[in-house]
Amino acid sequence: MLSVQQAEQIIINSVQPLATERDIEIVDLLGASGRILAQEIISQLDFPHWDNSAMDGYAVRHADIAGCNAENPAILEIIAEIPAGKTPHKSILPGQAARIFTGAMMPAGADTVVMQEVTQRSGNSVTILDAPAPQAFVRHQGSFSQAGTALLSPGISIGATEIAVLASAQCIQIPVYRRPVVAIFSTGDELVTPDRPLKPGQLVDSNQYALATLVTQTGAIPKMLGIIPDDPELLKNTISQALESADIVISSGGVSVGDYDFVDRILSSLGGEIHFRAIAVKPGKPLTFATFNFSSERSSILYFGLPGNPVSSLVTFWRFVQPAIRKFSGISDFWQPIFVKAKTQHSFKSDGKKESYFWGQLHLVNGEYEFTLAGGSQNSGNLINLAQTNGLAILPVGKTLVNVGDLVQVLQVQ
Ligand SMILES: Nc1nc2c(c(=O)[nH]1)N[C@H]1C(S)=C(S)[C@@H](COP(=O)(O)OP(=O)(O)OC[C@H]3O[C@@H](n4cnc5c(N)ncnc54)[C@H](O)[C@@H]3O)O[C@H]1N2
Ligand code: MOO
Ligand SMILES: [Mg+2]
């Protein structure tokens with residue numbers, strides 16, 4: 001059976017990220033939050049825009065104050081006051097200074113700022129009790145970045161720091177990639193929506209809601225197609241419709257070997273290339289991955305047939321689907337899953353034949369991660385103790401036991 005790493009490679013190699021002009025939309029500054037930048041941002045401005053003071057104090061000519069100290073101070077005449085936002089009109093000549101405030105433009109002639117803490121003011125003169133280095137406390141025009149420089153590269157995720165840069169560079173129309181559309185549906189005659197009374201044998205479709213939440217959190221648009229009964233005709237119609245209107249399709253259920261598990265057959269009949277139908281992973285073994293190439297105008301459509309058991313569908317989403325959505329979104333880096341090493345507070349075991357995932361919580365204790373197993377049954381049908389899961393501890397193939405205090409690899413999730 002395919003290993004987790006082989007399956008991951010097949011999926012990631014099948015992803016053709018958004019990259020064309022057709023995939024770009026323009027949003028305003030705040031609308032860019034959480035989006036993926038689609039084009040390089042080049043600054044029209046120098047940063048700082050002009051020489052300015054980094055301190056409240058006095059703008060001076062360094063030659064006038066070099067070597068001065070409390071015993072041998074320099075005394076200068078104050079000829080101007082320059083608050084932030086005002087243009088200085090006078091040049092500083094030898095023996096002169098300007099009162100200046102943080103962020104205010106440096107006057108011509110001055111090259112250094114003296115902090116007011118090492119000065120004494122008396123009327124129109126200032127006594128300098130200590131000389132800073134030449135150029136001290138002056139933020140020079142263009143010293144952070146110069147006009148014409150690329151400030152942000154395409155493929156980055158836009159957060160608060162990037163929005164600050166865009167705002168400062170006066171970029172208010174931001175080119176971002178459109179959000180991928182992810183169609184989601186559940187299969188199974190036993191499934192009902194959460195608002196329906198349960199008849200014997202029925203079960204609430206929880207997967208669709210959990211998957212839609214994860215899709216949204218991953219930056220894509222979920223398109224919920226509902227519950228489809230175990231009927232090959234209805235399933236075929238739904239899958240066709242999903243393939244027409246989405247970039248990625250996720251179904252849950254109907255991918256194992258039961259008589260009512262129709263998904264794989266339908267994918268083949270619709271012309272999908274099935275790359276695999278099972279992985280050596282627990283939970284999540286019966287995961288189907290297929291691609292559809294309808295035209296050169298569209299990227300390959302990715303189809304994930306997730307197993308129906310609630311934990312299996314979420315574990316396979318986190319491990320295989322989420323990185324694929326991220327990569328598809330146009331993110332040039334950081335779409336990979338994040339693994340951390342954690343000291344486990346519980347022991348757990350497996351038969352060593354499949355890569356096994358155990359759900360629970362990662363905590364930072366004194367700067368180091370610890371992993372606590374969720375209480376109750378680690379059965380892939382038990383979604384109740386999945387609540388508050390933020391990590392999946394991994395037992396690799398060939399390893400059958402982890403003891404309390406051992407370091408384990410944990411996949412960070414959510
Ligand atoms: N003979 C075998 N049987 C099974 C195998 C196997 O290897 N040989 N694998 C088991 C494993 S592992 C899994 S996981 C499941 C996967 O089954 P399917 O993907 O075909 O899913 P279903 O049979 O439709 O449902 C499985 C289970 O999950 C419940 N379910 C389904 N959809 C939802 C939903 N949307 N929300 C909540 N719960 C859902 C469903 O009622 C079943 O209990 O197959 C095993 N069998
Ligand atoms: O692997 Mo299934 O995915 O355990 O329940
Ligand atoms: Mg089944």
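Modeller: What follows is a set of questions and answers on a predicted model.

Biologist: Start with the sheet. How many strands form it, and in what order?

Modeller: It is an open sheet of 6 strands, ordered E16-E13-E17-E21-E20-E18, with mixed pairing. Strand E16 (221-228) and strand E18 (273-276) stand at the edges. Each has a single partner strand, so one side of each has no neighbour in the sheet. On average, neighbouring strands are turned by 20° against each other, direction ignored.

Biologist: What makes E13 and E17 a pair?

Modeller: Pairing takes at least two bridges between two strands. Strand E13 (residues 181-187) has 5 bridges to E17, and the two run parallel. Within E17, Ser 252 is the residue opposite Ser 186.

Biologist: And what makes E13 and E16 a pair?

Modeller: The cut-off is again at least two bridges. Here 6 bridges join E13 to E16, and these strands also run parallel. Lys 223 in E16 faces Ala 183 across the pairing.

Biologist: Why is E13 called largely enclosed?

Modeller: Buried means under 20% relative accessible area. Of the 7 residues of E13, 7 are buried, so the rest of the structure largely encloses the strand. Side chains in a regular strand alternate between the two faces of the sheet. On one side of E13, Val 181, Ala 183, Phe 185 and Thr 187 are buried. On the other, Val 182, Ile 184 and Ser 186 are buried too, and both faces are covered.

Biologist: How do you know which helices pack on the sheet?

Modeller: Contact means heavy atoms within 4.5 Å. Helix H4 (residues 207-217) touches E13, E16, E17 and strand E21 (301-306). Helix H5 (residues 232-245) touches E13, E16, E17, strand E20 (288-292) and E21. The direction of H4 makes about 170° with that of E16. For H5, the angle with E16 is about 170°.

Biologist: Is Ser 251 buried or exposed?

Modeller: Ser 251, in strand E17, has a relative accessible area of 0%. The limit for buried is under 20%, so Ser 251 is buried. Beyond its neighbours within four places in sequence, its contacts are Phe 185, Val 263, Tyr 303, Phe 304, Gly 305 and Leu 306.

Biologist: Why is the link between Ser 251 and Tyr 303 called a polar contact?

Modeller: The pair of N or O atoms must be within 3.5 Å. The side chains of Ser 251 and Tyr 303 meet at 2.7 Å, so the label holds.

Biologist: Why is Gln 116 called partly exposed?

Modeller: Its relative accessibility is 33%. Buried is under 20% and exposed is over 50%, so Gln 116 falls in between and counts as partly exposed. Gln 116 sits in the loop between strand E7 (112-115) and strand E8 (119-122). Not counting residues up to four places away in sequence, it touches Asp 56, Gly 57, Tyr 58 and Arg 99. A polar contact of 3.0 Å links its side chain to that of Arg 99. Gln 116 and Tyr 58 are 58 residues apart along the chain, yet their C-alpha atoms are separated by 6.7 Å.

Biologist: What makes Gln 170 and Gln 388 exposed?

Modeller: Exposed means over 50%. Gln 170 is at 61%, so it counts as exposed. Gln 388 is at 65%, so that residue counts as exposed as well. Gln 170 has a positive phi of about 60° although it is not a glycine. For Gln 388, also not a glycine, phi is positive, near 75°.

Biologist: What surrounds ligand 1?

Modeller: There are 22 residues around ligand 1, and the closest are Glu 190, Asp 205, Ser 256, Lys 285 and Gly 308. A polar side-chain atom of Glu 190 is 2.6 Å from an oxygen atom of ligand 1. For Ser 256, a backbone N or O atom lies 3.0 Å from a ligand 1 oxygen. A polar backbone atom of Gly 308 is 2.9 Å from an oxygen atom of ligand 1.

How values were computed:
Residues numbered from 1 in each chain as written. Chains lettered and ligands numbered in written order. Predicted model: local features only at pLDDT ≥ 70, side-chain atom pairs only at ≥ 80, totals over all residues. Heavy atoms only, no water. Helix = DSSP H or I, 4+ residues; strand = E, 2+ residues; numbered from the N terminus. Buried < 20%, exposed > 50% of the residue type's maximum accessible area, 1.4 Å probe, protein only. Polar contact = N/O pair within 3.5 Å; in protein donor to acceptor, adjacent residues only side chain to side chain. Axes fitted to C-alpha atoms, helices over the stretch in contact; angles between N-to-C directions. Near = heavy atom within 4 Å.
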